[in-house]
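Hello,

Here is the structure for you to look through. My notes follow below it.

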Amino acid sequence: MRGDILAIIRETARRHWGLGLALLLALGGKLALLGMQAFPFNADEAVVALMARHILQGERPLFFYGQAYMGSLDAFLVATGFALLGPQVWVVRAVEALLFTGTITVWYFFCAEAFDSPAVARAAALLLAVPPVLVTLYTTVSIGGYGEALLLGGLSMLFALQILHGKPHPARWLGLGLVIGIGFWSFPLSLVLSFPALLAVIFFRPSEQRSNPMKITWSRMGILFLGLTVGISPWIAGWIRLGSAALAELGGSAIAGAIQGSLATIVSLRVLDLGLFGVTALLGLRPSWEIRWLAPVLLPFALAIDLTAVITALRNLKVRDAARPARWMMAGSAVILALVYLLSPFGNDPSGRYFLPLALVLAACCAELIVRAAACFGRAAYLLLPVLILFQGAGTLESALRMPPGITTQFDPMAQLDQRDLPPVIAFLRAHGETRGYTNYWVSFPLAFQSGEELIFTARLPYHEDLRYTPRDDRYPPYDALVEGSHRVAYITAKNPALDSLLESAFAAHGIRYQVEQIGDFRIYYDLSDLIRPDDILMPAINPAGNK
């Protein structure tokens with residue numbers, strides 16, 4: 001018996017050595033970057049960590065704190081990690097790393113199924129193992145659901161493809177519905193991959209279904225709908241609880257005002273942004289948080305390979321072979337993303353993060369190109385693979401070495417804080433007994449998590465230079481109650497001279513004595529001689545219409 005098990009393990013390792021190598025590269029790269037402290041622990045990630053801690057204390061949030069379109073699945077997964085290993089930042093990143101290994105594994109089997117080629121599957125997995133910095137960033141830090149969107153979206157494509165290749169077991173139909181529904185609740189970005197998968201199983205027919213279309217219509221579609229209903233049930237529960245807010249935020253209401261002008265002007269700007277910001281970040285030509293070319297020596301070669309792969313993939317849409325459903329699903333993903341980007345407020349985001357699902361598509365296209373080129377022109381064509389891997393790895397390493405800001409989710413320089421100074425800030429506040437007060441969003445939640453929620457400073461201050469502020473920044477009402485119940489408060493600002501001047505003028509006007517301490521990017525106003533709240537003097541001077 002033991003010999004049989006070992007034989008199975010050896011055979012599996014032999015057949016899927018490329019996947020094993022890719023997973024080792026992916027985990028090794030993430031460990032190296034985490035060892036370099038290349039990823040700042042910012043507020044969005046801190047909110048997920050705090051949600052996980054609160055889940056262990058009995059809370060059951062359905063959505064990311066303060067919004068209604070990104071589910072709490074990521075926080076529940078992190079809570080599991082905290083229960084096993086303790087509430088540490090590295091545990092959050094470990095959960096994201098495990099999710100990404102799942103994504104690589106799923107996409108490896110998708111490519112093997114789609115192209116009937118272990119070589120294409122291996123190449124795609126290796127390209128994802130050392131991906132562009134955009135992918136590295138959003139599969140290492142957690143800001144609510146990007147890892148789940150990739151994993152569940154990829155899994156939906158794999159289930160759909162297996163069904164279309166004549167493996168229509170009811171469990172696959174049920175699984176397809178479940179992952180589409182759970183993905184929608186976790187992060188609707190998963191629909192970029194899962195919606196084309198859903199369309200594919202409806203409109204592409206394997207041979208045994210063409211003879212009996214009612215079989216798919218009434219039987220298996222019923223199973224699919226059951227899985228979809230179960231998977232989406234947390235979102236439905238949230239919609240019942242929150243009402244129209246869930247639908248409004250699903251349409252991008254939170255960032256709707258980021259670009260102003262007529263519809264034609266807005267769409268024109270989004271078209272420009274799509275090419276200048278989205279595509280360049282997806283291809284790894286620039287970091288998602290700034291305009292700067294990465295690995296310029298290798299960039300022309302990598303760009304040529306990527307563009308050739310995309311053009312070849314488009315031409316192959318005409319080919320009627322076993323890979324046709326997969327090619328059309330991947331093309332559908334690109335079309336859906338482009339439409340959402342151009343026609344919804346999500347196109348107002350210049351970071352390129354919403355292009356993340358297309359990283360899977362691009363890896364498959366490049367892998368197929370390389371393998372087919374090797375078949376036509378000789379094994380030397382496989383050298384294209386290390387060229388892409390070196391380019392993507394070099395861009396990530398180059399970004400990691402530029403600290404601050406490091407590899408960050410923040411494309412607004414005002415929010416790019418050097419979080420390495422936060423531990424001294426915590427020590428200073430504890431030493432001076434300043435446990436309650438006010439700050440901005442990007443300081444509030446990392447401070448709360450890193451201090452074990454001993455230091456609660458609510459996000460009631462703006463961080464924009466023009467003092468724009470949105471109440472959405474103040475995401476957790478229980479913190480408000482703690483601060484409002486305190487008779488002693490301090491203020492913390494960060495890289496905002498305009499706000500510093502406003503505070504100091506207000507303190508002087510009210511005859512309030514105070515002390516100031518500057519620690520890196522953080523400016524602490526403490527030991528105030530009298531109690532003063534932001535609403536008393538600050539809010540009239542702050543533009544309430546701003547968006548984060």
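W17, L21 and L25 make a nonpolar surface patch of about 280 Å². A patch here takes residues with over 30% relative accessible area and no salt bridge, with nonpolar side chains joined within 5 Å. A salt bridge would be a side-chain nitrogen of Lys or Arg within 4 Å of a carboxyl oxygen of Asp or Glu. Areas come from the Shrake-Rupley method with a 1.4 Å probe.

This is a predicted model: local features need pLDDT of at least 70, side-chain atom pairs count only at 80 or more, and totals for chains, interfaces and linings use all residues. Residues are numbered from 1 along each chain as its sequence is written, and side-chain values use heavy atoms, without hydrogens and water.

W17 is in helix α2 (residues 17-35). W17 counts as partly exposed because its relative accessibility is 47%; buried means under 20%, exposed over 50%, partly exposed in between.

Now the inside. Of the 548 residues of the protein chain, 57% count as buried. The largest nonpolar core has 176 residues. Such a core is a set of buried Ala, Val, Leu, Ile, Met, Phe, Trp, Tyr and Cys residues joined through side-chain atoms within 4.5 Å. W107, F110, C111, I407 and Y491 touch the most other members. Helix α5 (residues 89-115) gives the largest share of this core, 14 residues.

What does I407 contact, leaving aside neighbours within four places in sequence? Its partners include L33, F39, V133 and W289. Contact means heavy atoms within 4.5 Å.

Overall, the protein chain has 23 helices and five strands. These are DSSP runs: helices (H or I) of at least four residues, strands (E) of at least two.

Best wishes

Conventions. Buried < 20%, exposed > 50% of the residue type's maximum accessible area, 1.4 Å probe, protein only. Patch = residues over 30% accessible without salt bridge, like charges linked within 9 Å, V, L, I, M, F, W, Y side chains within 5 Å.
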